[in-house]
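Subject: A structure for you to explore

Hi,

Here is the structure I promised to pass on. Have a look at it first, and then read my notes below.

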Amino acid sequence: MCFTLLDPRGQIDAMSSVSFSKKTTLCASIRLLIVVATMASSLLSPVEALSVDELFAPDKLLDVQITLKDSDWNTARREKRSMAQALGEERRQGKPESPFHYVPAKVTINGEVFDSVGIRKKGFIGSLDDERPSLKVKFNFSDPDATLGGMTQLTLNNNKQDGALVSQTMTYALFNAAGLVAPRTSYAKVSVNGTPLGIYTNVEPAKGQLVTRGFGSANGTLFEGTIVDFFDGWATGFEHKFGPEDAGRERIQALIEVLDGPNESLVAAIEEIIDLDRYLKFWAIESLIGFWDGYSGNQNNFFVYHHPQTNKLHFLPWGADSVFTSRGMFDRGGPQAVKARGRLSSRLYEIPAIQERYRRVMLGLLESNWNEEALLEETERIEALVGDDLHARQGGFKEALERTREFFASRRGQIVEELKDGAPEIRGGASEPMYFSKVGKIEGEISGRWFSKAPSAASEIGDANVRVMLDGEEVEFKEIGVHAVMGRFGFRGPGQPNINIVGERASDGERVTLVLMIDGDSFQPSGEAMISVGGMMRQGEGFGFGPGGVSPIDGKIQIVEASQEEGAPVKAKVSANIMKMVGGFFGRGGGGGPPRRGGPGGRGSRRPGRPE
């Protein structure tokens, strides 16, 4: 089967929607598609000891050695971002504050030494790791003019959520091969101070070189989308990366207003703001590869570029480490062929004509870009390339890779079956993106003991001299106790020490549990320092987010005494906020209900995410 590859040097023509300067037909494996895509970088960079071509060579394994002070490494790798911090209400109003900071380092890449660079931890929630953190390498950390072939940084992803180690490389190759704009990638074996960290994916940063390669110039505006969508009040939630900010936000706001409009004029109005043909292909690829954590599946992991010549918005994929799976974390039985949690996708799918256009695009991708033989061949090439340099925590590689191969072999049949009688029905749709709002506070002193197993009479052990406020009112307790135990679940990962405050509410006798989750390295006396603490408050015995479920806790704790010896005293002072979830939990808020086909004329016209 032949692939049609649009030359990545092609650019958008100012007088038309999209035109590429060349088309090259390539009948070969996806590996060759990546090679051709990376060749374009030679037009953007001077030849040097380590070229951008070498940096993103898909058939070579980069050797990245990082050297820095042990104290700086421990500081950088242990920096935290809780879910409540990552999804706080303030992010709707502007650029979110990063918890990560650069520290000085020396980096050697394939033998070439880069002195005085900076490194920092990166990640949102799922990829965070203290032992094998994802990293950014900043070449212009000390010298503002320092670059590598025009690039100011590297992005090294730890593949924590991709046991098969193929998701990012193969996903972005598919987007590029389909004529869309996506990063280049390669693989790297990474070590820090001589300690191997295993295989990382080196992803081209979403900066000027990527945008110039895809759109001809970087004079427009780039925004990052992280659990954000085109809803009223969310225009400022798109994180500005570069370019004229006001013009780009105006187009985002215009799209929000269009999506609030009637179905009758929806398509024409949308086409004034986005390149609809390209978006349909972007959307279909996300669904085809099972990208449950992308824009269409979860209002997450995407970029929006405002092109100043066409005055239109274009979508770029990002964070593609949760792909090649038939069922994502938050799927609830909808079709495989259409993901429509993103509001733009959901609203478009209400239009019967768009449903049919989408169906044709998906079938066209299966015909021209989905080559099972080439995909399987690429997994074999990657396995041979990286298999000898895996970290101990990447031990499930072969099993995960086999599941990915099964996905490749079965995906065409799944999609064709759903599309054979027309566009499939979808369940639910988009809801306002999730965020956490402050609803209460816990403050005071606590003391208890460490237990290897949670005690049965938890409210009778220890002492809690704390004030708990919820919705402006103080919670009174009949009994309240404190104990510490090794936790099994939490936003900071499994197996961390928990300090549990357990009480019986005086007003109704309901059991209230406040769990303070502390990193193992931090579970020791902290002196005068207040360290970060996450956790959750549970009312009753239920679990899950939303009404009647758990509420995240985020704040600071000063540990006076702490030990994991049975019966050892645990004492601390705590000051933390209690949060509630607003919006849909990762796209679930508007889901559920009977299947529907959007659009007028008796086919179901309920607007997703709106009350009936």
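Which residue forms a salt bridge with lysine 80? The partner is aspartate 130, and the closest N and O atoms of the two are 2.4 Å apart. A salt bridge here is a side-chain nitrogen of Lys or Arg within 4 Å of a carboxyl oxygen of Asp or Glu.

Before you go further, please keep in mind that this is a predicted model: local features need pLDDT of at least 70, side-chain atom pairs count only at pLDDT 80 or more, and totals for chains, interfaces and linings use all residues. Residues are numbered from 1 along each chain as its sequence is written, and side-chain values use heavy atoms, with hydrogens and water left out.

The score pLDDT is the predictor's confidence in each residue, from 0 to 100. The protein chain averages 85, and 84% of the residues score at least 70. A contact means heavy atoms within 4.5 Å.

Salt bridges

There are 30 salt bridges in the structure. One of them joins the side chains of aspartate 521 and arginine 78, at 3.2 Å from N to O. Aspartate 521 sits in the loop between strands E20 (511–517) and E21 (531–539), while arginine 78 sits in the loop between helices H3 (70–77) and H4 (83–86), so this pair ties together parts that are 443 residues apart in sequence. (Helices, H or I with at least four residues, and strands, E with at least two, are DSSP runs numbered from the N terminus.) Aspartate 521 is partly exposed, at 44% relative accessible area, and arginine 78 is partly exposed too, at 34%. The cut-offs are under 20% for buried and over 50% for exposed, with partly exposed in between (1.4 Å probe, protein chains only).

Another salt bridge brings together arginine 92 and glutamate 432, at 3.6 Å from N to O. Arginine 92 is in the loop between H4 and strand E4 (103–109) and glutamate 432 in the loop between strands E14 (426–427) and E15 (435–450), so the pair ties together parts 340 residues apart in sequence. Arginine 92 counts as buried, at 13%, whereas glutamate 432 is partly exposed, at 25%. Salt bridges with shared partners also join Lys80, Lys121, Asp130 and Asp519 into one network.

Nonpolar cores

A nonpolar core is a set of buried Ala, Val, Leu, Ile, Met, Phe, Trp, Tyr and Cys residues joined through side-chain atoms within 4.5 Å. The largest one has 87 residues, and Phe230, Ile270 and Leu344 touch the most other members. Helix H9 (residues 276–288) gives the most to this core, with eight residues. Apart from this core lies another, of 31 residues, including Ile442 and Ala576. If you click on leucine 344, look for its contacts, among them Asp229, Tyr279 and Phe315.

A sheet to look for

Four strands make an open sheet in the order E11-E10-E12-E13, with antiparallel pairing. Its edge strands, E11 (239–242) and E13 (312–317), each pair on one side only. Two strands pair if DSSP finds at least two bridges between them; E10 (residues 221–225) and E11 are joined by three. Glutamate 224 has glutamate 239 in E11 as its bridge partner.

Enjoy exploring!

Best wishes

Technical notes: Lists of a residue's contacts leave out its neighbours within four places in sequence.
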